[in-house]
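Here is a report on one protein chain, written to be read beside its sequence and structure. Follow the residues in the viewer as they come up.

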Amino acid sequence: VRARMSASAKPKVTRLASIQFKTWLKQASEQVGGDIRASAQHVGLKTSGLIRLPTRINRYNVLRSPFVNKKAFDQFEKREYNRLIEIFGEGTQSADATKTVYFLRYLEHTILPAHGGAARAKVTLYSDECIEPQNTRSTSNFESDVSSVDASRAADAPAAESRIDAKGAPPNPPISDVEVAYEAMTAANIVTERDNQGAAAEDQLSDDGMANAEVAGAASTRSMEAATVLAEASEASDAADASGDSKDALGATRKS
(Lines give C-alpha, C1' and ligand atoms only; values in the text may rest on other atoms or scores of the structure.)
Protein backbone atom coordinates (compact mmCIF):
# COMPACT_ATOMS: atom_id res chain seq x y z
CA VAL A 1 0.00 0.00 0.00
CA ARG A 2 2.80 2.40 0.85
CA ALA A 3 4.48 1.63 -2.47
CA ARG A 4 1.25 2.41 -4.31
CA MET A 5 0.79 5.66 -2.41
CA SER A 6 4.34 6.75 -3.09
CA ALA A 7 3.98 5.86 -6.75
CA SER A 8 0.77 7.85 -7.03
CA ALA A 9 2.32 10.81 -5.19
CA LYS A 10 5.16 11.15 -7.71
CA PRO A 11 4.75 14.15 -10.02
CA LYS A 12 4.02 13.49 -13.65
CA VAL A 13 7.07 13.84 -15.87
CA THR A 14 6.47 14.97 -19.46
CA ARG A 15 8.88 15.30 -22.33
CA LEU A 16 8.90 18.99 -23.19
CA ALA A 17 11.54 19.26 -25.91
CA SER A 18 14.30 17.39 -27.68
CA ILE A 19 17.53 18.91 -28.98
CA GLN A 20 19.21 17.05 -31.84
CA PHE A 21 22.52 18.51 -32.98
CA LYS A 22 25.31 17.35 -35.24
CA THR A 23 29.00 18.18 -35.50
CA TRP A 24 31.89 17.19 -37.74
CA LEU A 25 34.27 16.55 -34.83
CA LYS A 26 33.68 13.97 -32.14
CA GLN A 27 35.26 16.10 -29.42
CA ALA A 28 33.06 19.06 -30.38
CA SER A 29 29.89 16.94 -30.06
CA GLU A 30 30.89 15.87 -26.54
CA GLN A 31 31.66 19.45 -25.52
CA VAL A 32 28.42 20.85 -26.91
CA GLY A 33 26.40 18.10 -25.21
CA GLY A 34 28.11 18.74 -21.89
CA ASP A 35 27.47 22.49 -22.11
CA ILE A 36 23.79 21.96 -22.94
CA ARG A 37 23.25 19.56 -20.03
CA ALA A 38 25.11 21.75 -17.54
CA SER A 39 23.20 24.90 -18.59
CA ALA A 40 19.82 23.12 -18.43
CA GLN A 41 20.53 21.71 -14.96
CA HIS A 42 21.69 25.13 -13.79
CA VAL A 43 18.34 26.60 -14.86
CA GLY A 44 16.48 23.81 -13.05
CA LEU A 45 15.44 21.56 -15.93
CA LYS A 46 15.72 17.79 -16.02
CA THR A 47 17.59 16.34 -18.99
CA SER A 48 18.42 12.95 -20.30
CA GLY A 49 21.92 11.72 -20.92
CA LEU A 50 23.79 12.36 -24.13
CA ILE A 51 22.12 9.97 -26.59
CA ARG A 52 24.47 8.99 -29.41
CA LEU A 53 22.74 8.52 -32.75
CA PRO A 54 24.24 6.74 -35.78
CA THR A 55 27.12 8.56 -37.41
CA ARG A 56 26.64 9.56 -41.04
CA ILE A 57 29.66 8.99 -43.29
CA ASN A 58 30.01 10.52 -46.75
CA ARG A 59 32.91 9.23 -48.84
CA TYR A 60 34.32 10.90 -51.97
CA ASN A 61 36.73 9.50 -54.59
CA VAL A 62 38.88 12.03 -56.46
CA LEU A 63 41.35 11.42 -59.31
CA ARG A 64 44.88 11.77 -58.08
CA SER A 65 46.20 13.07 -61.41
CA PRO A 66 44.36 15.30 -63.90
CA PHE A 67 45.97 13.68 -66.98
CA VAL A 68 47.43 10.18 -66.48
CA ASN A 69 47.16 7.42 -63.87
CA LYS A 70 43.45 7.07 -64.27
CA LYS A 71 43.23 4.23 -61.77
CA ALA A 72 44.85 6.23 -58.97
CA PHE A 73 42.27 7.78 -56.65
CA ASP A 74 42.32 9.63 -53.36
CA GLN A 75 39.60 8.77 -50.87
CA PHE A 76 38.07 11.39 -48.56
CA GLU A 77 35.32 11.04 -46.06
CA LYS A 78 33.15 13.39 -44.03
CA ARG A 79 31.62 12.26 -40.74
CA GLU A 80 28.59 13.78 -39.05
CA TYR A 81 28.25 12.93 -35.36
CA ASN A 82 24.60 13.16 -34.28
CA ARG A 83 23.62 13.56 -30.65
CA LEU A 84 20.27 13.91 -28.89
CA ILE A 85 19.28 15.45 -25.54
CA GLU A 86 15.72 15.44 -24.16
CA ILE A 87 14.29 17.90 -21.66
CA PHE A 88 11.63 16.81 -19.16
CA GLY A 89 9.23 18.69 -16.90
CA GLU A 90 5.99 18.51 -14.97
CA GLY A 91 3.79 19.57 -17.91
CA THR A 92 3.41 21.84 -20.89
CA GLN A 93 1.47 24.39 -18.83
CA SER A 94 3.84 24.51 -15.87
CA ALA A 95 6.82 26.67 -15.00
CA ASP A 96 9.14 24.10 -16.57
CA ALA A 97 7.64 24.83 -20.00
CA THR A 98 8.46 28.54 -19.61
CA LYS A 99 11.97 27.69 -18.49
CA THR A 100 12.36 25.45 -21.51
CA VAL A 101 11.41 28.24 -23.92
CA TYR A 102 13.91 30.65 -22.34
CA PHE A 103 16.57 27.97 -22.31
CA LEU A 104 16.10 27.29 -26.02
CA ARG A 105 16.63 30.99 -26.74
CA TYR A 106 19.80 30.85 -24.65
CA LEU A 107 20.87 27.80 -26.65
CA GLU A 108 20.37 29.59 -29.95
CA HIS A 109 22.07 32.86 -29.04
CA THR A 110 24.79 31.77 -26.60
CA ILE A 111 25.73 28.09 -26.45
CA LEU A 112 25.89 27.27 -30.16
CA PRO A 113 27.70 30.49 -31.22
CA ALA A 114 30.23 29.90 -28.41
CA HIS A 115 31.51 26.83 -30.28
CA GLY A 116 32.24 28.77 -33.45
CA GLY A 117 29.44 27.31 -35.54
CA ALA A 118 30.81 23.78 -35.18
CA ALA A 119 27.34 22.45 -34.28
CA ARG A 120 23.93 22.76 -35.89
CA ALA A 121 20.87 22.00 -33.77
CA LYS A 122 17.29 20.99 -34.50
CA VAL A 123 14.79 21.59 -31.71
CA THR A 124 11.43 19.79 -31.37
CA LEU A 125 8.80 20.90 -28.87
CA TYR A 126 6.19 18.49 -27.51
CA SER A 127 2.75 19.09 -26.06
CA ASP A 128 0.45 16.74 -24.17
CA GLU A 129 -2.55 19.11 -24.43
CA CYS A 130 -5.23 18.70 -27.08
CA ILE A 131 -5.91 22.18 -28.41
CA GLU A 132 -9.29 22.43 -30.14
CA PRO A 133 -11.40 25.40 -31.24
CA GLN A 134 -14.24 26.38 -28.91
CA ASN A 135 -16.95 26.04 -31.56
CA THR A 136 -16.08 22.49 -32.60
CA ARG A 137 -18.68 19.74 -32.19
CA SER A 138 -18.44 16.00 -32.26
CA THR A 139 -19.36 13.90 -35.27
CA SER A 140 -22.47 12.50 -33.58
CA ASN A 141 -23.82 16.00 -32.88
CA PHE A 142 -23.14 17.01 -36.47
CA GLU A 143 -24.96 13.96 -37.82
CA SER A 144 -27.94 14.64 -35.53
CA ASP A 145 -28.05 18.26 -36.74
CA VAL A 146 -27.97 17.13 -40.36
CA SER A 147 -30.78 14.64 -39.76
CA SER A 148 -32.90 17.31 -38.03
CA VAL A 149 -32.37 19.69 -40.95
CA ASP A 150 -33.38 17.00 -43.44
CA ALA A 151 -36.49 16.23 -41.38
CA SER A 152 -37.50 19.91 -41.27
CA ARG A 153 -37.02 20.22 -45.03
CA ALA A 154 -39.16 17.15 -45.62
CA ALA A 155 -41.89 18.60 -43.39
CA ASP A 156 -41.80 21.94 -45.22
CA ALA A 157 -41.92 20.36 -48.68
CA PRO A 158 -45.80 20.11 -48.90
CA ALA A 159 -46.17 23.69 -47.71
CA ALA A 160 -43.67 24.86 -50.31
CA GLU A 161 -45.56 23.02 -53.05
CA SER A 162 -48.83 24.61 -51.92
CA ARG A 163 -47.27 28.07 -52.20
CA ILE A 164 -46.56 27.62 -55.90
CA ASP A 165 -48.48 30.22 -57.89
CA ALA A 166 -50.87 29.56 -60.75
CA LYS A 167 -48.16 29.84 -63.39
CA GLY A 168 -46.31 26.93 -61.90
CA ALA A 169 -43.29 29.01 -60.81
CA PRO A 170 -42.18 28.87 -57.18
CA PRO A 171 -42.44 32.08 -55.16
CA ASN A 172 -39.44 34.30 -54.71
CA PRO A 173 -37.20 33.25 -51.83
CA PRO A 174 -37.06 35.56 -48.81
CA ILE A 175 -34.50 38.33 -49.02
CA SER A 176 -32.03 38.57 -46.20
CA ASP A 177 -31.02 41.78 -44.46
CA VAL A 178 -27.65 41.72 -46.20
CA GLU A 179 -29.28 41.60 -49.62
CA VAL A 180 -31.65 44.42 -48.67
CA ALA A 181 -28.74 46.57 -47.49
CA TYR A 182 -26.80 45.79 -50.67
CA GLU A 183 -29.76 46.74 -52.87
CA ALA A 184 -30.27 49.98 -50.91
CA MET A 185 -26.61 50.85 -51.29
CA THR A 186 -26.73 50.10 -55.02
CA ALA A 187 -29.82 52.32 -55.45
CA ALA A 188 -28.13 55.12 -53.52
CA ASN A 189 -25.06 54.85 -55.73
CA ILE A 190 -27.24 54.99 -58.85
CA VAL A 191 -29.07 58.10 -57.57
CA THR A 192 -25.79 59.79 -56.71
CA GLU A 193 -24.39 59.01 -60.15
CA ARG A 194 -27.48 60.44 -61.83
CA ASP A 195 -27.26 63.60 -59.72
CA ASN A 196 -23.65 63.99 -60.73
CA GLN A 197 -24.55 63.53 -64.39
CA GLY A 198 -27.34 66.16 -64.08
CA ALA A 199 -24.98 68.65 -62.44
CA ALA A 200 -22.42 68.06 -65.17
CA ALA A 201 -25.08 68.63 -67.85
CA GLU A 202 -26.19 71.87 -66.18
CA ASP A 203 -22.59 73.08 -66.04
CA GLN A 204 -22.18 72.26 -69.71
CA LEU A 205 -25.37 74.16 -70.61
CA SER A 206 -24.26 77.18 -68.59
CA ASP A 207 -20.88 77.11 -70.32
CA ASP A 208 -22.63 76.85 -73.71
CA GLY A 209 -24.94 79.79 -72.81
CA MET A 210 -22.00 81.94 -71.85
CA ALA A 211 -20.25 81.04 -75.08
CA ASN A 212 -23.38 81.89 -77.10
CA ALA A 213 -23.70 85.23 -75.30
CA GLU A 214 -20.11 86.06 -76.12
CA VAL A 215 -20.69 85.16 -79.78
CA ALA A 216 -23.84 87.33 -79.90
CA GLY A 217 -21.99 90.25 -78.35
CA ALA A 218 -19.18 89.94 -80.87
CA ALA A 219 -21.72 89.79 -83.73
CA SER A 220 -23.52 92.94 -82.47
CA THR A 221 -20.21 94.77 -82.18
CA ARG A 222 -19.33 93.82 -85.75
CA SER A 223 -22.76 94.96 -87.00
CA MET A 224 -22.34 98.33 -85.25
CA GLU A 225 -18.91 98.75 -86.79
CA ALA A 226 -20.35 97.92 -90.22
CA ALA A 227 -23.15 100.48 -89.74
CA THR A 228 -20.60 103.11 -88.77
CA VAL A 229 -18.55 102.36 -91.89
CA LEU A 230 -21.67 102.62 -94.08
CA ALA A 231 -22.60 105.96 -92.50
CA GLU A 232 -19.13 107.33 -93.12
CA ALA A 233 -19.29 106.11 -96.72
CA SER A 234 -22.66 107.77 -97.29
CA GLU A 235 -21.40 111.04 -95.84
CA ALA A 236 -18.35 110.87 -98.09
CA SER A 237 -20.54 110.24 -101.13
CA ASP A 238 -22.80 113.16 -100.21
CA ALA A 239 -19.81 115.42 -99.81
CA ALA A 240 -18.51 114.30 -103.18
CA ASP A 241 -21.88 115.02 -104.84
CA ALA A 242 -22.00 118.46 -103.23
CA SER A 243 -18.51 119.30 -104.42
CA GLY A 244 -19.44 118.16 -107.96
CA ASP A 245 -22.50 120.40 -108.03
CA SER A 246 -20.48 123.39 -106.89
CA LYS A 247 -17.91 122.81 -109.62
CA ASP A 248 -20.65 122.63 -112.26
CA ALA A 249 -22.18 125.89 -111.03
CA LEU A 250 -18.77 127.62 -111.11
CA GLY A 251 -18.14 126.47 -114.68
CA ALA A 252 -21.52 127.75 -115.81
CA THR A 253 -20.85 131.19 -114.35
CA ARG A 254 -17.47 131.39 -116.08
CA LYS A 255 -18.99 130.58 -119.44
CA SER A 256 -21.61 133.21 -119.01
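## Surface and overall build

The protein exposes about 20100 Å², and carbon and sulfur atoms supply 56% of that area. The model is predicted. Of its 256 residues, 15% are buried.

The protein has 5 helices and 6 strands. Along the sequence they follow the pattern α-β-α-β-β-β-β-α-β-α-α. Take the contacts between residues at least 6 apart in sequence: 71% of them join residues at least 24 apart.

The salt bridges number 7. One of them pairs the side chains of Glu86 and Arg15, at 3.3 Å from N to O. This pair links distant parts of the chain, with Glu86 in strand β5 and Arg15 in strand β1 (residues 14-23), 71 residues apart. Glu86 counts as buried because its relative accessibility is 15%, under the 20% cut-off. Arg15 is partly exposed, at 34%.

Glu80 and Lys22 also meet through their side chains in a salt bridge, at 3.8 Å from N to O. Glu80 lies in strand β5 and Lys22 in strand β1, so the bridge ties together parts that are 58 residues apart in sequence. Glu80 has a relative accessibility of 7% and therefore counts as buried. Lys22 reaches 24% and counts as partly exposed.

## Other charged links

Is Arg64 buried or exposed? Arg64 is exposed, with a relative accessible area of 55%. Its side chain meets that of Asp74 in a salt bridge, at 3.0 Å from N to O. Arg64 sits in the loop between β4 and β5, while Asp74 is in strand β5, 10 residues apart. Asp74 counts as partly exposed, at 25% relative accessibility.

A network of salt bridges links Glu30, Arg52 and Arg83.

Thr47 belongs to strand β2 (residues 46-47). It counts as buried because its relative accessibility is 18%, and the limit is 20%. Which residues does Thr47 contact, leaving aside its neighbours within four places in sequence? They are Arg37, Ala40, Gln41, Ile85, Glu86, Ile87 and Phe88. Glu86 is also the salt-bridge partner of Arg15.

Glu90 is in the loop between β5 (73-89) and α3 (95-114). It is exposed, with a relative accessible area of 52%. Leaving aside neighbours within four places in sequence, Glu90 is in contact with Lys12, Thr14 and Asp96. Glu90 and Thr14 are 76 residues apart in sequence, yet their C-alpha atoms are 5.7 Å apart in space.

## Surface patches

Two surface patches follow, one negative and one nonpolar. Glu202, Asp203, Asp207 and Asp208 gather in the patch of negative charge. Asp208 is placed in helix α5 (residues 177-255). With 34% relative accessibility, Asp208 counts as partly exposed.

Tyr60, Val62 and Phe76 form the nonpolar patch, and together they have about 300 Å² of accessible area. Val62 is placed in strand β4 (residues 56-63). At 40% relative accessibility, Val62 counts as partly exposed.

Conventions:
Residues numbered from 1 in each chain as written. Predicted model: local features only at pLDDT ≥ 70, side-chain atom pairs only at ≥ 80, totals over all residues. Heavy atoms only, no water. Patch = residues over 30% accessible without salt bridge, like charges linked within 9 Å, V, L, I, M, F, W, Y side chains within 5 Å. Areas by Shrake-Rupley, 256 points an atom, 1.4 Å probe, with all protein chains shown as cover. Salt bridge = Lys/Arg side-chain N within 4 Å of Asp/Glu carboxyl O. Lys, Arg positive; Asp, Glu negative; His and termini not counted. Charge placed at Lys NZ, Arg CZ, Asp CG, Glu CD. Helix = DSSP H or I, 4+ residues; strand = E, 2+ residues; numbered from the N terminus. Buried < 20%, exposed > 50% of the residue type's maximum accessible area, 1.4 Å probe, protein only. Contact = heavy atoms within 4.5 Å.
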